[in-house]
Amino acid sequence: MSQSLLLRVRAALAGVINPQSGKNIVADGAVQGLGADDEGRVRFALAVPEGAGREAAEALLAEAKKAAGAVDGVSVVTAVATAHGSAKQPQGRHSPQATASAHDNPFGLKNKPRVEAAAETLSGVKSIIAVASGKGGVGKSTVAANLAVALAASGLKTGLLDADVYGPSAPTLFGIKDKPTMNDGKIVPHEAYGVKIMSIGMLIDPEQAIAWRGPMVMGAVRQLMSDVDWGELDVMIIDTPPGTGDTHLSLIQSKRLSGAVIVSTPQEMALADMRRGVSLFRQTETPVIGVIENMAWLEMPGGERQYLFGEGGAKKAAEALGAPFLGAIPLYPELRQASDDGLPLAARDHPGADVFKKLARDVAGYIKTK
Ligand code: ADP
């Protein structure tokens, strides 16, 4: 990727003023996940302020795309606005506002980049579900892993693709230390608790990945899809990086996602980002299966609940967005311990395991209807 191309695109985007903030869209932080590949394909997400209104959001997005597209060397611009204020939609899984053409090609891409093409190779995988969160540290990976274990325990052939390139945790969560082996030119995924597991953390040194840029991340995610022998799966859970970036856009573009599960804590700071995530998936007609509230409360020895991050925030936010609420997971010191020990709580005899089983039932129920 040309670094100078990225700089020039950034400079062009800085010429676009956001009427809501009065600042340019780079300065006010609206441009997120900006990346470009060697062929001049530019991607970004535009976080439009709440309450901007759909038309204003679309106008700003169009202006930003035009500015980026006018830069010498840019072949195609892939961008999506993420703003819950502008994308308020009635209840239901599909956005009636999205046009047929947007559905066919939501980002206006001419050629399919490699992740999208790679997703098509997962022909033996019936459903793919992205687990996403607005912020890091809300327990997304913990939920993805335990949900996968509970889905496998319910009898579904389950895979877990840990695509959280900036914080791969599946190896820790499952206590996997060995590098994967190869068979017939394909990587053989690890198997634990009935789940086929592959993590970007098994291929690279996570400390290196922090410095990775968009195309490298995409290359890694592509490899996790097409070079791994996933075989036949009823469901593949993808642990996506926090926020809304390239990985999400690529997965959405692949049209292989059956839906997304969004994890948030009840805290207002996390909720703002969660709303953005819901908005992104909805704008692209990816069904939001539901919101999971994690770290909902801490149970005291007397049975009293302490709401460390506020009470019911994610549930209320889900209701306000018209997104299904799948359930709350309390703070369990044993869950943290089990995760560090590489022994998923969902496979143990613990009240937390029942919570994950219930979530798995809902997710399994959802994919049966697909
Ligand atoms: P993310 O993927 O969102 O960055 P993680 O899944 O890595 O977050 O979780 C962050 C930390 O919080 C980990 O140490 C994990 O063990 C812990 N954790 C997550 N959910 C819970 C919970 N419900 N109770 C106790 N600890 C939790």
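Predicted model: local features only at pLDDT ≥ 70, side-chain atom pairs only at ≥ 80, totals over all residues.
Reader: How far is a polar side-chain atom of threonine 142 from an oxygen atom of the ligand?

Author: Here we move from backbone to side chain. A backbone atom of valine 138 lies 3.0 Å from a ligand oxygen. For threonine 142, a polar side-chain atom is involved, and its distance from a ligand oxygen is 2.5 Å.

Reader: How much of the ligand's accessible area does the protein cover?

Author: Picture the ligand on its own, with 560 Å² of accessible area.

Reader: Which elements each supply at least two residues of the shell around the ligand?

Author: The ligand has 16 residues around it, and Gly137, Lys140, Ser141, Thr142 and Pro330 come nearest. By type, the shell divides into 7 nonpolar, 7 polar and 2 charged residues. The elements that each give at least two of the shell residues are α5 (140-153), β12 (288-299), β14 (325-331) and α12 (333-341).

Reader: Which residues have the most contacts inside the largest nonpolar core?

Author: That core has 88 residues, and its largest share, 9 residues, comes from α5. Leucine 160 touches residues including Ala144, Ala145, Ala148, Phe174 and Trp230. The residues with the most contacts inside the core are Leu160 and Ile237.

Key: Residues numbered from 1 in each chain as written. Heavy atoms only, no water. Near = heavy atom within 4 Å. Polar contact = N/O pair within 3.5 Å; in protein donor to acceptor, adjacent residues only side chain to side chain. Areas by Shrake-Rupley, 256 points an atom, 1.4 Å probe, with all protein chains shown as cover. Helix = DSSP H or I, 4+ residues; strand = E, 2+ residues; numbered from the N terminus. Nonpolar A, V, L, I, M, F, W, Y, C, P; charged D, E, K, R; others polar. Core = buried A, V, L, I, M, F, W, Y, C linked by side-chain atoms within 4.5 Å. Buried < 20%, exposed > 50% of the residue type's maximum accessible area, 1.4 Å probe, protein only. Contact = heavy atoms within 4.5 Å. Lists of a residue's contacts leave out its neighbours within four places in sequence.
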